[in-house]
Amino acid sequence: MIEARHLRVLRAVSTTGSFSAAARELGCTQPAVSQQMKALESSAGTPLLIRTGREMRLTQAGEALVRHASGILAGLTAAEEEVAAIAGLRAGRVRLVSFPSGSSSLVPGALAALRAEHPGTRVSLVEAEPPRSVEMLRDGDCDIALAFRYGETGGEWDDLVVRPLLTDRLIGLVPEGHRLAGAEAVGIGELADEPWIAGCPRCRRQLVEVCEASGFTPRIDFATDDYPAVIGLVGAGLGVAVLPELAMESVRPKGARTVTVEPAVEREIVALTLPDLAQVPAVAATLDQLARAAAR
């Protein structure tokens, strides 16, 4: 294994013509230069210098190694500078994946604050619902995944770093002319005979579980991952729905009214990353800004 420090010594010996002059240039002792040259020749498996009295000449192998050393050391210096820039948040990238309501509510403020504080850090965003977003994280297709769960246990995220962000309550949505539109709170059982508009597969499963716990199975007429579409269908009088509060932050519920649904159903919003990625400065800074955005 040829080490960079040995290449620096060889180049100094080649330039100055002696161990003692190379030692003065490098700020070390002559025995140290001699020892490192022996180590380099051992690694190369062939002599690199011809020593004749006080004169030193490079062998053919030594000339070849010196010829390549400048490019190698220049590349290493460039790599060190780039890594230092990433470590100092003067550069770097973060690949973020988020579910849609997180993209419209938490992500914009977090990324704007990150850009203002660290303009050299670039963040890309794609959308995916859990569990797909979590699969993307484990497969190396992203660095941070915004995800949610409805109180599920069983260690599904035990191999990941989990950064809790907020608790998001589900709220009911009914047409403006609905008999319960003016109610302060509605028991979900009061909606047993209504047609339902359901959301993403995980949300849909949670809806069915909550309704069945209240003694009925919901009649789901429409299912869509598009929250504005859910609101539009409710506003048109085609059914009722429950949506996360985050989903309502950036959408005007035209033709629909929100109501508090009992019993309360909440989902935990988190940011996930891998343990090694959590140590990367740009990833850590993005997690911090997501937490600040969630706290506002």
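This is a predicted model: local features need pLDDT of at least 70, side-chain atom pairs count only at pLDDT 80 or more; totals for chains, interfaces and linings use all residues.
With a relative accessibility of 0%, S133 counts as buried, because buried means under 20%.

**Around S133**
- Setting aside neighbours within four places in sequence, S133 is in contact with V97, A128, C142, A145, L146 and A147.

**The aromatic rings**
- How many aromatic pairs does the structure hold? There are two.
- One of them joins F99 and F148 edge-to-face, with 5.1 Å from centre to centre and 85° between the planes.
- F99 lies in the loop between β3 (93-98) and α5 (100-105), while F148 belongs to strand β5 (residues 144-149), so this pair ties together parts that are 49 residues apart in sequence.
- F99 and F148 are buried.
- F148 also pairs with Y150, again edge-to-face, at 5.9 Å centre to centre and with 80° between the planes.
- Y150 is buried, as is F148.
- Through these ring pairs, F99, F148 and Y150 are linked into a cluster.

**Where α2 meets α3**
- Helix α2 (residues 19-26) and helix α3 (residues 30-44) have axes that come within 8 Å and cross at roughly 105°.
- Angles of 65 to 115 degrees count as roughly perpendicular, so α2 is roughly perpendicular to α3.
- Which residues make the contact? On the α2 side they are F19, S20, A22 and A23, and on the α3 side Q30, V33, S34 and M37.
- Sorted by class, this contact of α2 with α3 has five nonpolar residues, three polar ones and no charged ones.

**Around T286**
- T286 has its place in helix α11, which runs over residues 281-295.
- Is T286 buried or exposed? Its relative accessibility is 1%, so T286 counts as buried.
- Not counting residues up to four places away in sequence, T286 touches V94, L114, V123 and I144.
- For a sense of distance across the model, T286 and E184 are 38 Å apart in space, C-alpha to C-alpha, and 102 residues apart in sequence.

How values were computed: Residues are numbered from 1 along each chain as its sequence is written. Side-chain values use heavy atoms; hydrogens and water are left out. Buried means under 20% relative accessible area, exposed over 50%, partly exposed in between (1.4 Å probe, protein chains only). Contact means heavy atoms within 4.5 Å. Rings of Phe, Tyr and Trp (its six-membered ring) pair if their centres lie within 6.5 Å; planes under 30 degrees apart count as stacked, over 60 as edge-to-face and the rest as tilted. Helices (H or I, at least four residues) and strands (E, at least two) are DSSP runs, numbered from the N terminus. Axes are lines fitted to C-alpha atoms, for helices over the stretch in contact, and angles run from 0 to 180 degrees between N-to-C directions. Angles under 35 degrees count as roughly parallel, over 145 as roughly antiparallel, 65 to 115 as roughly perpendicular and the rest as oblique. Ala, Val, Leu, Ile, Met, Phe, Trp, Tyr, Cys and Pro count as nonpolar, Asp, Glu, Lys and Arg as charged, and the others, Gly among them, as polar.
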